[in-house]
Amino acid sequence: MPASSSSTLSLAGRLRSLGDAELTELLTVREFRDASLHDFFDLADALLDPASVQKALVRLDRQTLAAIGVVGGAEALGLTTAAVGAALADGGQFGEGSARASLDRAHSLALIDRESEGADDRWLAYAPVTEQLANWPELGLPGLTSLLSDPPPASLAPVSATDARFIDSIAAERAFDAANAIAELAAELRRDPARELARGGIALPDSKRLAAAMSVELDAVPPLVDIANRSGVIALDAGAWLPTDDAADWMLRPTSERWAHLAAAWFTQLSPDIRALLAERSHAIWGDRLAEFVRWLYPAGGDWMRDRAATVSLEAELLGITANHVPSTPGSALMASGEEAASAAIAAILPAEIDRVYVQHDLSIVSPGPLLPRLDARLRLFADVESRALATTYRVSEASLTRALALGETAESARQFLGEISLTGIPQPLDYLITATSARYGSLRVGTIDQAVMGMRSYIRSDDQALLSAVVIDHGLAPLGIQRVGPNRAESRFDRDLVFWSLSEARYPAAAEDAAGEVVVLERRRVARASVAPPGSRAAGIVARLREATAESAEETGQAWLERQIETAIRGRLGLTVTVSMPDGSSVELQLEPASLGGGRLRARDRRSDLERTLPLSSITAVRPAEG
């Protein structure tokens, strides 16, 4: 992939000077995947390839595209930020003071270059980018004149007061359902993580399981997973979806705050232009007019922008930010005033949360309204959710009580908690069940074998030989390789914690014990690690290989880099500005057309004097693309 232009030469030097984090971010945003690179010249050429440039341009907003076009139409010396701003303002669609953000955006994507000149920057074009943008009219896309002057579509229509009441009714139901569905998602993932497929998306069996736990249709699982992921409630860790450390705190908040957190994460994902539009028109109907504005704002967005807009709209409907594509009162508050205002607005239209339940003789527990999240979380230790809506039904069983005991609860704490929240006291059948389960808990004891023999690392002991026999022949526990070694003892090659949790999930009355035979409470932390850019990501890997390749060249930061730039210019027949150190310590700049490099000397034609010069490479301190 030979370097072919002065733009490549200039960009290669810039890429080389970037830190690893900046370079990785650039390659990630540009979605660069080509790993067959030898050096930064190859990378610069690849980033300036017409297909790569077009892919980057079509995802830019109108003002950034116009700014690139203005810079591309300037002379070789470039334009200041103020000059670009004035040109944008002349078109009538953009404010003069807003140019800097667009220029910074284009620069961060390696679509324009920048030279610092005192208080202001001077922006320079990369020829391949300018050429690609100039070809847009041939592709049916707007040219610079259209980018600057085509007006946006008409303003969005306002929502009437009557419509607002109807919309809020729908939105409140959706907001409640979405917040609860994501809470159920986090709870289910804590119990059993979901596997992410290599091609993307959650495996179908896991998707069906999550849909059942969340009480939603199967096709609602992916967008709700995306919302939960974006808001930091769940995260992908080593190919599995898990709740995060922050999920526990989020699940204990009131429903209004849980919803506002999810909604704020949705709003943050929007582009600054769309956020500004919605904030200014937070009480306006979206529909076709918003779609028209998005098409104007991203004139080359095509399928990419349509898909993105459809996703944003779907998630807004799921969350109750909108209903029938009309912003709800909480949605309007979010877009105009932020998360805190949205939380207050949704709280005003959600059903009130309660702190009492009906505990019934059939071991069911009925919450006649939405239970306070902190009480719901505690109740789930003792009971399983059977149905969930505004009125939720829980059911207590031996298995659910055993689970609570394994997590450190006791018969006394169970009676105390259930007694505090029950409007009907504790019925006798439930009291008997608590007593019996507590007495039976620990019938199986699981411990660690200090010195593993024959590969066995944990034991299971029980005075109830029939119960131990049931464990040994249980097909569901076969992967543990449990082997009976005596009337009251069995052993496994797996660790104590794994065996204990496997028995607990199989609803056996197991308790973990220490070396002294005392029952211990095991903490099962199934949470995702903090989200960080994976060190093995494709972009990071490309950067690492580039660094390694350039480091193999002796004195990479000095003479080898100069030689590589000169060789590139010779192959591409490019002019260079060469800085030469003179014997008296001064420096001079020569405008040269390099012809050959060998024996530690550069032979080139001096453009100004039209003479051939031969310069010792050791005297050259810097090179850059020729001026003019």
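Student: What should I know about the ground rules before we start?
Tutor: Residues are numbered from 1 along each chain as its sequence is written, and side-chain values use heavy atoms, with hydrogens and water left out. As this is a predicted model, totals for chains, interfaces and linings use all residues, side-chain atom pairs count only at pLDDT 80 or more, and local features need pLDDT of at least 70.

Student: Is Glu31 buried, partly exposed or exposed?
Tutor: Start with where Glu31 is: the loop between helix H2 (20-29) and helix H3 (40-47). Helices here are DSSP runs of H or I with at least four residues, strands are E runs of at least two, and both are numbered from the N terminus. Glu31 isn't a glycine, yet has a positive phi of about 55°. With buried meaning under 20% relative accessible area, exposed over 50% and partly exposed in between (1.4 Å probe, protein chains only), the 29% of Glu31 makes that residue partly exposed.

Student: And what is the relative accessibility of Ala110?
Tutor: Ala110 is in the loop between helix H7 (99-108) and strand S2 (112-117). Its phi is positive too, near 60°, in a residue other than glycine. Ala110 counts as buried, at a relative accessibility of 1%.

Student: How many aromatic pairs are there?
Tutor: Rings of Phe, Tyr and Trp (its six-membered ring) pair if their centres lie within 6.5 Å; planes under 30 degrees apart are stacked, over 60 edge-to-face, and the rest tilted. By that rule the count is four.

Student: What about Phe500 and Trp501?
Tutor: Both Phe500 and Trp501 are buried. With 4.9 Å centre to centre and 65° between the planes, this pair is edge-to-face.

Student: Which residue lies over the face of Phe417?
Tutor: A charge sits over a ring if NZ of Lys or CZ of Arg is within 6 Å of the ring centre and within 35 degrees of the ring normal. Arg258 does this over Trp250, at 5.4 Å from the ring centre. Over Phe417, at 4.8 Å from the ring centre, it's Arg378.
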